[in-house]
Amino acid sequence: MDLLTVEHVTKRYASHTALDDVSLAIPKGSVYGLLGPNGAGKTTLIRIINRITAPDAGRVLFGDREIAPDDIYRIGYLPEERGLYKKMKVGEQAVFFARLKGLSRREAVVRLKQWFVRFGIQEWWDKKVEELSKGMAQKVQFIVTILHEPELLIFDEPFSGFDPINANLLKDEILALRDKGATIIFSTHNMSSVEEICDHITLINKSRNILSGEVDEIRRRHGSNIFLPRRGADPAAGRRGPLRNPRRHAGGVGLPDAQAPRRERRRRARGHQRGQRRRRTAFVPRDHPLDERHFHQSRERRVMKSRSGQTTIPR
């Protein structure tokens, strides 16, 4: 059964198309990864799900009906842009956000105290937010996001700013929430995080859904790690197998340099070395006297040409 369904959603801002006919279905009780480069449209889709903005076309279903304003109380959203009131005390502000989600003050304090002890930040209850480190502040925001125990949790780049130990702590908590029945949308551009905790993924690139499915099935079908989408085709059906030169296919999603074919990496390295050698030389007239100014990086006249001839000087 799907908890959330996005049907043919399109969103435009003036001449820019942020989402172009995007559809996906998020199974109940799963961790669903939204993967894609910066600017692909992930955050726009999340804002539409949260009713922060409305789609120009298409619709979002929560369960078996179109999402309504009251459904916001069933959603917990941790945005990429963190925001806490710096002059307020940590505990006071956490209670304030919990009450916005419908909890009584007494219930909010009880739950918050438990989570603060669990995350090891109980001594910061009466401190001002401006005294917290970035990681501490993000722990507070994570707690506030999940405190009212929503059915759907949305995390937009939740590991940003965390050290490896706290990132692992957060991963364990996310998986524990899934095991308790929560459905989680996890937005990131980090593939390693997706493989560790996600059951299903959707890959969004240039405003379009180009790949969707279970993580294990996608890994089996696209084991070469290169996927070339075809515009207008089924997102699940792409070209398989390695590409001779991934950089030529601007519409596709290629690999980082560390995973590129060995021959391609060597070719790039040779080109980089040649470029470095060219940048280490300067040209001055053959009869021009030399001094230290020709080796100064900030001089505009460090490259000079002469009709009679040139002398190459290594830097």
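A nonpolar core is taken here as a set of buried Ala, Val, Leu, Ile, Met, Phe, Trp, Tyr and Cys residues joined through side-chain atoms within 4.5 Å, where buried means under 20% relative accessible area (1.4 Å probe, protein chains only). The model is predicted, so to speak of local features requires pLDDT of at least 70, and side-chain atom pairs count only at pLDDT 80 or more, whereas totals for chains, interfaces and linings use all residues. Residues are numbered from 1 along each chain as its sequence is written, and side-chain values use heavy atoms, with hydrogens and water left out.

The largest nonpolar core holds 44 residues, and among those with the most contacts inside it are Leu112, Phe116, Phe142 and Ile143. Helix H4 (residues 134–146) gives the most to this core, six residues in total; helices are DSSP runs of H or I, at least four residues, and strands runs of E, at least two, numbered from the N terminus. Another core, of 24 residues, lies apart from it and includes Leu4 and Ile154.

Helix H3 (residues 105–118) packs against H4 through Leu112, Trp115 and Phe116 on its side and Val140, Ile143 and Ile146 on the other, contact meaning heavy atoms within 4.5 Å. 

Turning to a loop, Gly36 lies between strand S3 (31–35) and helix H1 (42–49). At 5% relative accessibility, Gly36 counts as buried. Its C-alpha atom is separated by 7.0 Å from that of Thr188, 152 residues apart along the chain. Not counting residues up to four places away in sequence, Gly36 touches Lys42, Thr188, His189, Leu203 and Ile204.

Key
Buried < 20%, exposed > 50% of the residue type's maximum accessible area, 1.4 Å probe, protein only. Axes fitted to C-alpha atoms, helices over the stretch in contact; angles between N-to-C directions.
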